[in-house]
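Please open the structure in a viewer and keep the selection tool at hand.

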Amino acid sequence: MPTEEIRVRGTVQGVGFRPTVYRLAKACGLQGDVCNDGQGVLIRVSGSEEAITKFVARLQTECPPLARINQLTRIIYEGELKFDNFVISTSISNAIKTEITPDAATCPQCQQEIFDPFSRFYRYPFTNCTHCGPRLSIIRAIPYDRCNTSMSAFTMCSECAKEYHDVENRRFHAQPVACYACGPTAWLERADGKSVTASMFSMLDDVDAVCTLLQKGEIVGIKGLGGIHLACDATQETAVQKLRQRKRRYHKPFGLMARDIEIIEEYCTVNAKEKELLTSPAAPIVLLQAAGKKVVAPSIASGQNTLGFMLPYTPLHHLILRRMNRPIVLTSGNLADEPQCIDNDEAKEKLVTIADYFLFHNREIINRVDDSVMRVIDDKAQTIRRARGYAPAPISLPLGFQNVPQILAMGSELKNTFCLLREGKAVLSQHLGDLENGAAFNAYQDTLNLYLNLFEHQPEAIAIDKHPEYLSSKLGKELADTNQIKIYQIQHHHAHIAACMAENSIPLNSPPVLGIALDGLGYGDDGTLWGGEFLLADYRKFQRLATFKPVAMIGGKQAIYQPWRNTYAQLISANLWNDCQQQYSDLEIVKFLHKKPLKLLNQLMEKGINSPPASSVGRLFDAVAAAIGIYRDECSYEGQAAIAMEAIVDVSSLNNHKETLIYPFNFIFSDSIYCIDPRPMWQALLDDLQQKIPQPVMAAKFHKGLANAIVEMVKHLCQENMINQVVLTGGVFQNCILLEQVTKGLQTLGIKVLTHSLVPANDGGLSLGQAVIAAAQLIHEC
């Protein structure tokens with residue numbers, strides 16, 4: 001009788017994989033055993049060849065929801081199997097390298113139980129099994145056993161212990177398993193410290209009472225899976241404005257949660273791919289087109305045509321929303337740009353002036369994990385923020401990176417993540433925010449130390465961004481000096497391109513690609529600020545072939561939050577300011593700029609004081625938006641004006657191929673580099689302003705003109721350098737109109753286009769690129 005050894009690698013520990021193997025082996029009439037070991041899961045089976053083949057096929061098609069098989073190999077087993085049945089054996093080695101599974105949304109079976117009056121989990125807000133529940137958010141050490149999680153504070157009752165040890169039960173070895181008798185509890189508190197009496201609500205319990213509070217217009221702090229959120233009724237403008245003012249988040253869109261897809265569809269259009277994301281175990285926020293019979297409060301996402309919706313992903317959320325027939329706001333429980341609160345006492349200290357009530361629980365959150373954000377563009381899922389549900393699931397690296405040494409990449413300053421490279425895989429941290437905030441930088445360091453310990457990571461090299469003032473780069477240098485290991489300084493836009501190459505499985509020794517990296521800014525090799533780059537790049541090196549004309553960022557960082565500064569700098573750079581005063585003096589933008597201290601601004605530019613030149617496409621978007629009257633004076637977050645301009649684009653103008661509906665750009669060659677010059681675009685835009693062309697039409701003409709300029713530059717560079725593969729990356733390519741227009745134009749030319757999906761195009765994916773570049777350079781040096 002044939003006997004085989006089957007090796008399975010991937011996310012196969014702590015996800016109910018062995019019980020699935022056991023069930024399928026029994027169903028196929030096989031004898032043998034299954035166990036965990038240092039490489040994953042090892043299966044030894046004896047039976048007919050047909051039965052074993054059927055077993056392997058079913059194992060791949062009936063894989064548990066949270067499991068992922070990266071590799072399955074079969075060999076003839078030479079030893080003797082002394083089994084007359086199939087069993088789960090103890091681990092072969094105690095040194096198990098367990099991958100940490102991301103937190104997962106409540107599975108359908110657990111959902112059913114919490115609403116079943118005859119279930120012992122009826123209305124229990126912490127119900128979970130091997131198919132769902134907390135993972136990363138509760139772990140403090142490996143292996144992933146209950147004693148190494150915040151569930152160690154709760155001793156299993158006899159009923160839970162029985163299910164935990166029952167191989168036929170889906171709670172077999174589910175580390176967070178608990179119930180009313182033995183698990184965490186939730187309770188309601190008033191923020192003012194006064195007692196909450198049952199007579200106030202006459203509800204089923206404290207969790208149910210939250211729904212009533214939200215319906216009454218109150219703001220409730222809710223401790224969830226990876227942090228504390230602030231919630232209010234998303235249809236009550238008074239409540240939303242109250243939350244904005246208290247939280248000091250004046251314009252940035254709020255995330256929304258709705259009980260089910262049907263409620264979301266009352267406010268947005270939802271296609272099949274978007275529905276798939278919403279209902280997946282990751283349960284991210286998905287950016288959806290706002291178009292429905294109903295509308296949310298106007299200030300939920302001011303100046304945007306999309307809404308960010310998610311479905312309930314814990315039993316707690318399901319129970320709160322059971323009676324809620326409209327969406328709620330569910331936004332991070334923090335002040336301004338500080339990290340999300342995760343501790344009850346911390347929330348009572350920092351959020352007491354924001355929330356009216358708190359729904360707390362006593363399961364400690366070890367790892368802060370924000371909600372992930374996704375968007376579907378051209379039927380392809382794109383990651384905007386990678387966190388809950390996705391991190392820290394490893395990303396398999398392309399061919400050639402299998403045996404690279406352990407590397408740590410520190411990421412960027414904004415939208416930070418870090419990356420651990422090991423054994424042919426990249427482990428990206430969850431989104432950690434903007435490190436210029438002191439509390440966020442402290443949280444970054446804490447999370448980094450936790451990951452280094454969890455994954456027993458001992459880097460042989462550290463990769464950092466070239467910007468000398470980034471806090472992540474400074475910390476990376478300190479770590480490298482302390483541990484006497486090699487450090488690699490990676491150019492910002494090269495890292496963007498390499499990240500996209502890596503997630504698209506471009507092998508290590510592949511020929512160079514043409515990478516187009518468009519973003520706010522990054523430190524260039526020449527010491528200037530780059531932000532609109534065309535690089536001939538492989539993993540080891542790059543050559544800058546083209547860029548956008550550098551324009552002063554007057555006031556430095558102020559230019560990010562005051563778009564008019566970019567408009568003025570662009571008009572000066574294009575030598576059009578004199579024309580503005582003579583031919584276009586009646587325009588609103590010209591009148592507006594005349595009220596500014598232009599003499600002082602001119603002196604700053606002339607003397608190069610706090611006005612660094614930057615080839616930033618992000619700032620070009622801001623400049624155009626301000627010129628046509630969108631967030632001209634102030635923005636509360638980077639890219640606000642550009643996002644608002646994308647939202648108003650006239651679709652009919654976008655689809656019209658007349659040349660008069662495309663703003664022109666110039667191409668120049670100077671100092672051995674091609675340059676895209678927006679001067680003719682500005683001349684045409686000023687004419688349109690004078691003719692009172694509608695904003696949506698001008699926005700469409702700008703998007704089309706910019707896309708056309710990029711495509712023409714790529715066409716020329718690809719012909720000159722004999723390239724047929726292009727990477728589109730950087731935060732600007734989160735603009736779906738620009739991405740679609742450029743992609744369509746390049747594909748028409750027969751050029752292969754690579755874009756992001758697994759990691760963000762913005763700086764959230766930068767650490768992956770840093771890591772693979774450092775690895776490639778290290779391999780080359782060896």
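**A tour of the aromatic rings**

In this predicted model, the count of aromatic pairs comes to 17. Select Y22 and F86 to begin: the two rings form a tilted pair, with 6.4 Å from centre to centre and 55° between the planes.

Next, select F358 and F360. These rings form a stacked pair, 4.9 Å centre to centre, with 15° between the planes. Are these residues buried or exposed? F358 is buried, because its relative accessible area is 1%, and F360 is likewise buried, with a relative accessible area of 1%.

The following stop is a group of rings. Select F418, F441, Y444, Y451 and F455 together: ring pairs join these residues into a cluster.

The tour ends with two places where an arginine meets a ring. Select R388 and Y313; R388 lies over the face of Y313, at 3.5 Å from the ring centre. Then select R632 and F592, where R632 lies over the face of F592, at 5.7 Å from the ring centre.

Note on methods:
Residues numbered from 1 in each chain as written. Predicted model: local features only at pLDDT ≥ 70, side-chain atom pairs only at ≥ 80, totals over all residues. Heavy atoms only, no water. Phe/Tyr/Trp six-rings, centres within 6.5 Å; stacked < 30°, edge-to-face > 60°. Buried < 20%, exposed > 50% of the residue type's maximum accessible area, 1.4 Å probe, protein only. Lys NZ or Arg CZ within 6 Å of the ring centre and 35° of its normal.
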